[in-house]
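Please study the sequence and the model before reading on.

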Amino acid sequence: MGVVRRWAISALATGLLAAGCSAVPPQPGSAPSVAAVRPSGQTGSAASPVSSPSAQAPSESLRPSTKPVDDRSGKQLGHPFTVNGMVVVSAKHKVSAAYRPSVGAYGLTPAAGKAFAGLKRAIEKAGLRLYVVSSYRSHAAQQALYASKLASMGRAYTQKYVAVPGTSEHQTGLAVDLRSPGGRGTSFDNSREWRWLRAHAQNYGFVLRYPDGLTKVTGIGFEPWHWRYVGVEQAKAIRALGANMTIEQYLRLA
């Protein structure tokens, strides 16, 4: 009788395995199916199922919880103000001429140059074209540009669109000015390339640095051509908070 009972149990187990065991509940201690839905926006704990990165909300841990304080002075200005790994250079956060980052391809830092190369390949695969107008500029080069624009375009234009030496992102090697066959300068945002950037740039670590209507926040007028490398994780987090989210707002500096 014991032999028959064992045979019956074995046959039942084989039948369930053949059917996929779809009705068998998970055993205690096993991970629940990823199909189990968490409330929207809730971050997972160590015991929670982990979904794909693209499905997760950007982590607030990337942002400071309070307004950061820039207390650099003197020789410390030879290094940029940095918040949670993100370099900030602006009229409120200056650098001296001593700040000279290492730059390479496209006049960008190695990480930014590599990321831009990937972005460029992707946009060309989409049948579009981008050209670099400007990237790294030293403190001296920025000073020469500012003086030139002041003489040729006047004070109002220069103060709106050209950073004072020591306040330009171009000195970081993390910023790039772009154009396309369909537009450049103030008309760049009418091009297909610009629309592609708005949709996909964050996937390569870039964000629009000076959005329209936020001059009071950034200190610079709308520059559709100026894109800033911040890294993929930070770029996606910024973009998730809005198409016109600025670095100042993201880092709680404004």
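## Basis of the report

The model is predicted: local features need pLDDT of at least 70 and side-chain atom pairs pLDDT 80 or more, while totals for chains, interfaces and linings use all residues. Residues are numbered from 1 along each chain as its sequence is written, and side-chain values use heavy atoms, without hydrogens or water.

## The sheet

Four strands form an open sheet in the order β3-β4-β6-β5, paired antiparallel. Strands are DSSP runs of E with at least two residues, helices are runs of H or I with at least four, and both are numbered from the N terminus; two strands pair if DSSP finds at least two bridges between them. Because β3 and β5 (206-208) each have a single partner strand, one side of each is left without a neighbour in the sheet.

Three bridges join β5 to β6 (residues 226-229), and F206 has Y229 of β6 as its bridge partner.

## Helices on the sheet

Helix α2 (residues 110-125) lies across β3, β4, β5 and β6, at about 80° to β5. Helix α5 (residues 192-200) touches β4, β5 and β6, and its direction makes about 30° with that of β6. Contact means heavy atoms within 4.5 Å; angles run from 0 to 180 degrees between N-to-C directions, with axes fitted to C-alpha atoms, for helices over the stretch in contact.
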